[in-house]
Amino acid sequence: MAAFFRWLRRNLVVIAGLFTLGYLLLPNVVVTVFSFNKPKGRFNYSWQEFSLDAWKDPCGVADMCGSLSLSLQIAAWATIGATVLGTMIAFALVRYRFRARGAINSLIFLPMAMPEVVMAASLLTLFLNMGAQLGFWTVLIAHIMFCLSFVVTAVKARVMSMDPRLEQAAQDLYAGPVQTFLRVTLPIAAPGIAAGALLAFALSFDDFIITNFNAGSTVTFPMFVWGSAQRGTPVQINVIGTAMFLVAVLLVLAGMLVGRRRNKQAK
Amino acid sequence: MTTVTDAPPPKAPAGEDAPARGPRKRGRLVPYWLLLPGILWLLVFFALPLVYQASTSVQTGSLEEGFKVTWHFATYWEALTDYWPQFLRSVLYAGAATVLCLLLGYPLAYLIAFRAGRWRNVILVLVIAPFFTSFLIRTLAWKTILADGGPVVDALNSLHVLDVTSWLGVTAGDRVLATPLAVICGLTYNFLPFMILPLYTSLERIDGRLHEAAGDLYAKPSTTFRKVTFPLSMPGVVSGTLLTFIPAAGDYVNADLLGSTDTRMVGNVIQTQFLRILDYPTAAALSFILMAAILFMVTFYIRKSGTEDLV
Amino acid sequence: MTSAQETGGDVRLTGISKTYGSFTAVHPLDLTVPQGSFFALLGASGCGKTTTLRMIAGLEEPSSGTVHLGDQDVTALPPYKRPVNTVFQSYALFPHLDIFENVAFGLRRRGIKSVKNQVGDMLDLVQLGEQARKKPHQLSGGQQQRVAVARALINHPKVLLLDEPLGALDLKLRRQMQLELKRIQTEVGITFVHVTHDQEEAMTMADTVAVMNGGRVEQLGAPADLYENPRTTFVANFLGTSNFIEAEIQAGAARSGDDLVLKAGDCKLTLPAARCGGPATTGGKVLVGVRPEKISLTHADDAGQIPEGRNRITGRIADSSFIGVSTQYVVHSPVCPSFEVYAQNVERDTRLVPGAEVVLHWNPAHTFGLDAAQSLLAGTTGSAGVEKVEEDASA
């Protein structure tokens, strides 16, 4: 018994940590299980019977797959925009001395310290005042805006940990500024840029609050889910949620395996 | 022949000097070109809207007649008197969720950083992967988990947990759904990864030998944690709490999906005023108050915790 | 070799300086490094040696002055247009490229297509042919160092700049690489400019050493010359160890070949006038310096056996430590509180133990005189030589 308590005390943090992990993953388990449900009525909140109907016909709900593809498009463009602009800012911040550095740092930090609803509401005020047509473009503008700071942060961290002597070595070995950037700086900063881009994609794809304010009648996937929470939740939503979770996990695992194999080969 | 002398101090560079270095001085403009598009984007679509919003908040009028700036500051006072319960709820729910996130997230971050061994990356993936399922879908799943008469609620009931929470006023009867507890639970769940990742980052940087050194210097494991590990993880604690509290305070999704009309937070009010009632001045004023309150709290908090280099 | 090539590798710095705001890293300095020589810039950290090197490489823009390579003014040229290559401190090998591509980098940038043979030969020269497809982090420190040298040398630069190239290696490997670098330099005949804080390294490898301190060159010359004839206390202390006695000139020298007669306490010392760096006039104050290994130690009882004409000082042994090849004594004397003496362990006098009264004596030709108006401690571990301590600790 004493031995058990000693074991318990030593592993308390592990048990608590695994409990948290369970808490984090429980909703995903529920989402997955309920993607095989055959609900009675409009809402998919209680278990009825096993069915593969939704998996066989994932686009069987009106407008859902349209909203999904719109979300993917917006996320792709927002990722490109935010990654390019954010990477440029990150390089400027780490590699150069210039005026108004403090002000620029604050301007980049503030969007991350601002509740989304404030940014959403104020951006809508701007669009209304300018008489802009709400839709794809306003959503894209908003997404690039709030993804930008996260990309800057991710890329900055990587560039900061990069030895400036590497670029000097490239210059010393006859690489001009462009060559140095393409052959040395960019490849070494690539993991940071990729992390920033991945974050931007996830943030944009999953964004609801800012999109809800600035989309007008355009419906992205999160907005479709929101609407269905009021009207009735089709099982297909769970199918999409499960599929995205699986694809993400598989992609990451595949990436890890490839990385490991490459390391082994190199050795 | 090798010679060395201290040359006289150089005179101001004459004309021959300047053109020779011309091409290299042009590089001084590079940072500004790099910054320009992104900063312009933030100025126009982040800073400028805040100005517009400030101006909207002191306008009066109606949708039909249009709004005019009349410096009607009373809107702020009316907004505060009408909606102070929602403000208070936002702060309380977000605060509770932040504390819960810290309590739940720290052990997991610690586990990943020091105890996970070869499982480290797998657990990290499992922490991040839920992000890829739309958070609205996952929040809706809580409706199922916390459903009346479901296994979770039954278990809590038979353990008399719900009696305690009812006494605390965060649940009502044997229901969890549509109570403050459900909202706090949803907020905690939604922002937990934003607590875990910064905590993990700061814990992972701690040199494992520090633990051994502390042990060598007569510190018990609990003392080692209090005197070494936790203080060194402070940057993670600060950024984690900020990343949790700020979005939680402005959130209206959890209150809407998991709560009831009695759990409405300030985000719900802003959303309704802006998108349904179309009372722009009130919505703008509320939004402005929320922003000011959060910036004030964040600044105070960062000062207090002495991690200003975070920014 | 044509005559054009013979001067093509000269490095000529004219009035070159570097200031950062109000801080002057390098005071205006003139320096010529002749073609084919192995030149070392020696000094403690922050003395301006690396800044000087980087100005030659083009990585730092001089605040004033010009840099010439041979007859070409390269002051305005960016690093990638200078026929100069650098071996960086901690190597700066590109972590995303394998060894082969690291070495081929410079060739490829200059548009050379068939690099395979050249890179192969170069890797063989540094004995890394087998490692071509490994990534830098998979190599040991010594191997990485050789890659860095190969990557620079393959471009046949007019000058090779080495910035503390051996700093990250352990003592044994460092000795080995010193010889290796010296061999390569002799083989390729390229001008090497080597920055180091390690005086032994500089003296072992370089033909000419410039000792830098506070952004200025204190003294420049062949290693033996610097060691035997230091002109400042900084150089005397930074290169090896020196004993100093404050003395007053009693009789000046009529001609430069003559000796000066000095008085320190009760002792009379002679100093060749040519070796006096201070004012050689009667009554002038001079620091008399002598290296510990030049001094002989005789027990006071045998003082009569000491030949005439040698400088003598009496004292008492305070401490002695046996270190194998020699025994190091610390001697208290009225004219100098702690005199260091290194005695070869050939015939040990068992009476030379702490407390023993002794006479220190040496050939006046080994004495040097310095201006007394400078700190005795300049260049010792207490002031500028901090790095030496750290290094000893790590080695």
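How are helix 7 of chain A and helix 8 of chain A oriented to each other? The legends below take up this question first; the model is predicted.

**View 1. Packing of helix 7 of chain A against helix 8 of chain A.** Helix 7, which covers residues 164-172 of chain A, packs against helix 8, residues 177-206 of chain A, at an angle of about 160 degrees, and their axes lie 10 Å apart. Since angles over 145 degrees count as roughly antiparallel, helix 7 of chain A and helix 8 of chain A are therefore roughly antiparallel to each other. The crossing of these two helices of chain A is right-handed. On the side of helix 7 of chain A the contact involves A:Leu166, A:Glu167, A:Ala170 and A:Gln171, which meet A:Thr180, A:Arg183, A:Val184, A:Thr185 and A:Ile188 of helix 8 of chain A. Sorted by class, the contact between helix 7 and helix 8 of chain A has 4 nonpolar, 3 polar and 2 charged residues.

**View 2. Chain A as a helical chain.** Chain A contains 11 helices and 0 strands, and from the N terminus on its elements run α-α-α-α-α-α-α-α-α-α-α. The radius of gyration of chain A is 23 Å, well over the 18 Å that the globule rule gives for 267 residues, so chain A is more spread out than a compact globule. Taken along the principal axes, the box filled by the C-alpha atoms of chain A is roughly 70 × 70 × 40 Å.

View 3. An unreviewed UniProt entry lists "transmembrane region" for residues 12-36, 74-94, 106-128, 134-155, 184-205 and 235-258 of chain A. Within residues 106-128 of chain A, the chain is 74% helix and 0% strand, and the end C-alpha atoms of this span are 27 Å apart. Residues 134-155 of chain A are 91% helix and 0% strand, with the end C-alpha atoms 31 Å apart.

**View 4. Contact between chain B and chain A.** This contact takes 71 residues from chain B and 68 residues from chain A. On the side of chain B that touches chain A, helix 2 (residues 30-57) of chain B gives the most, with 19 residues. By class, that side of chain B has 56 nonpolar, 12 polar and 3 charged residues.

**View 5. The span of chain B annotated as a domain.** In an unreviewed entry, UniProt places the feature "domain: ABC transmembrane type-1" at residues 87-301 of chain B. In the model, residues 87-301 of chain B are 78% helix and 0% strand, and the end C-alpha atoms of the span lie 19 Å apart.

**View 6. Chain C, its annotated domain and a pair of its helices.** For chain C, an unreviewed UniProt entry lists "domain: ABC transporter" at residues 11-239. Over residues 11-239 of chain C the chain is 35% helix and 27% strand, with the end C-alpha atoms 25 Å apart. The axes of helix 3 (residues 99-109) and helix 4 (residues 116-125) of chain C come within 10 Å and cross at roughly 125 degrees; helix 3 of chain C and helix 4 of chain C are therefore oblique to each other. Their crossing is right-handed. Helix 3 of chain C contributes C:Phe100, C:Val103, C:Ala104 and C:Leu107 to the contact, and helix 4 of chain C contributes C:Gln118, C:Val119, C:Met122 and C:Leu123. The residues of this contact between helix 3 and helix 4 of chain C divide into 7 nonpolar, 1 polar and no charged.

Technical notes
Residues numbered from 1 in each chain as written. Chains lettered and ligands numbered in written order. Predicted model: local features only at pLDDT ≥ 70, side-chain atom pairs only at ≥ 80, totals over all residues. Axes fitted to C-alpha atoms, helices over the stretch in contact; angles between N-to-C directions. Helix = DSSP H or I, 4+ residues; strand = E, 2+ residues; numbered from the N terminus. Parallel < 35°, antiparallel > 145°, perpendicular 65-115°, else oblique. Left-handed = near helix turned anticlockwise from the far one by under 90°. Contact = placed C-beta atoms within 7 Å. Nonpolar A, V, L, I, M, F, W, Y, C, P; charged D, E, K, R; others polar. UniProt positions renumbered as here; feature names shortened; annotations may be inferred. Rg over C-alpha atoms; globule rule 2.2 N^0.38 Å.
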